[in-house]
Amino acid sequence: MRILVALSSLLFSLSAFAADSVPATPTFVEGRDYEVIAEPVRPLDPSKIEVSEVFFYTCPHCRHFEPLIENWAKKQQPDVKLVQIHTMWSPQMEPYQRGFYTAVTLNVKDKVQLAVFDAVHAQHKELATAEAWADFLATFGVDRKQVLATYNSFGVSSQIKQADARIRGYRVASTPALVIDGKYRISANLAGGHEAMLEVAQFLVEKIRAERANR
């Protein structure tokens with residue numbers, strides 16, 4: 001009898017140890033860790049789980065967040081797509097928004113994204129004109145004339161209008177912000193920091209993936 005009791009105690013202890021050794025899956029709560037968007041915004045590619053990053057180049061918090069979100073995005077499964085959206089809340093921000101969408105149009109955004117943040121915040125460069133962007137992108141091998149022709153183009157202006165419309169739909173009040181699949185909004189204030197934003201984003205990505213699998 002004593003042997004059975006001892007074995008039972010041992011098995012219970014081992015089970016408790018195993019349970020403690022398995023990391024708990026974080027659970028995040030609507031209204032506490034993230035917000036639901038009342039009128040969801042349709043993703044650009046509904047076949048993907050869209051993670052929209054709303055930022056602007058002169059935002060110091062966005063500069064800190066950028067390498068974190070880019071590293072996070074590299075670890076995602078193919079069904080997740082990161083969409084970066086440069087906002088404009090004042091006329092002074094328009095040159096940076098135009099510069100971003102110029103880089104997008106010329107297919108050099110991924111190459112220069114972190115460098116722009118470094119230029120603005122560490123080197124204190126003002127990229128406030130088409131010429132300044134032409135000079136900057138030329139250091140990455142982009143033709144200056146091509147930059148100048150693109151900066152004020154119809155294509156860039158159309159992308160800006162689309163970006164502004166999506167941001168209005170997201171009802172983003174601070175940056176950086178994440179919007180998951182046009183349905184859920186995450187801010188640093190609500191989540192509890194930049195790293196926490198990505199933990200909540202991962203939770204919501206997996207939530208959406210599970211919901212799609214059960215359709």
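Predicted model: local features only at pLDDT ≥ 70, side-chain atom pairs only at ≥ 80, totals over all residues.

User: What is the secondary structure of the protein?

Analyst: There are nine helices and five strands. Along the sequence they follow the pattern α-β-β-α-β-α-α-α-α-α-β-β-α-α.

User: What makes strand 1 and strand 3 edge strands?

Analyst: The five strands form an open sheet in the order 1-5-4-2-3, with mixed pairing. Strand 1 (35-36) and strand 3 each pair on one side only, and that makes them the edges.

User: How do you know that strand 2 and strand 3 pair, and in which sense?

Analyst: Two strands pair if there are at least two bridges between them. Strand 2 and strand 3 have seven bridges, in the parallel sense. With helix 2 (residues 60-74), strand 2 and strand 3 make a β-α-β unit, which is right-handed.

User: In which sense do strand 4 and strand 5 run, and how many bridges join them?

Analyst: Strand 4 and strand 5 (residues 184-187) run antiparallel and are joined by four bridges. Leu178 stands opposite Ile186 of strand 5.

User: Why is strand 3 called largely enclosed by the rest of the structure?

Analyst: Buried means under 20% relative accessible area. Five of the seven residues of strand 3 are buried, so the strand is largely enclosed by the rest of the structure. Across the protein, 43% of the 215 residues count as buried.

User: What makes up the largest nonpolar core?

Analyst: It is a set of 40 residues. Those with the most contacts inside it are Tyr57, Val116, Leu127, Trp133, Phe136, Leu137 and Tyr170. Elements that give two or more residues to this core include strand 2 (49-55), strand 3 (80-86), helix 4 (109-121) and helix 7 (154-170). Helix 5 gives the most, with six residues. Leaving aside residues up to four places away in sequence, Val116 touches Tyr57, Leu127, Trp133 and Phe136. A second, separate core has 22 residues, among them Phe28, Trp72, Ala188 and Val205.

User: Why is the pair of Phe55 and Phe117 called tilted?

Analyst: For Phe55 and Phe117 the centres are 5.9 Å apart and the planes are at 50°, which gives a tilted pair. Phe55 belongs to strand 2 and Phe117 to helix 4, and they are 62 residues apart, so the pair links distant parts of the chain. With a relative accessible area of 0%, Phe55 is buried, and Phe117 counts as buried at 2%.

User: What makes the pair of Tyr57 and Trp133 tilted, and which parts does the pair tie together?

Analyst: The ring centres of Tyr57 and Trp133 are 6.1 Å apart and the planes are at 40°, so the pair is tilted. Tyr57 is in the loop between strand 2 and helix 2, while Trp133 is in helix 5, so the pair ties together parts that are 76 residues apart in sequence. Both Tyr57 and Trp133 are buried.

User: Is His194 buried or exposed, and how do you know?

Analyst: His194 has a relative accessible area of 11%, which is under 20%, so it is buried. His194 lies in helix 9 (residues 194-213). Not counting residues up to four places away in sequence, His194 touches His61, His64, Phe65, Leu68, Pro176 and Ala188.

User: Is Gly192 buried or exposed?

Analyst: Exposed means over 50%, and Gly192 has a relative accessible area of 60%, so Gly192 is exposed. Gly192 lies in the loop between helix 8 (188-191) and helix 9. The C-alpha atoms of Gly192 and Arg32 are 9.8 Å apart, with 160 residues separating the two along the chain.

Terms used
Residues numbered from 1 in each chain as written. Heavy atoms only, no water. Core = buried A, V, L, I, M, F, W, Y, C linked by side-chain atoms within 4.5 Å. Buried < 20%, exposed > 50% of the residue type's maximum accessible area, 1.4 Å probe, protein only. Contact = heavy atoms within 4.5 Å. Right-handed = clockwise from strand over helix to strand, strands pointing away. Phe/Tyr/Trp six-rings, centres within 6.5 Å; stacked < 30°, edge-to-face > 60°.
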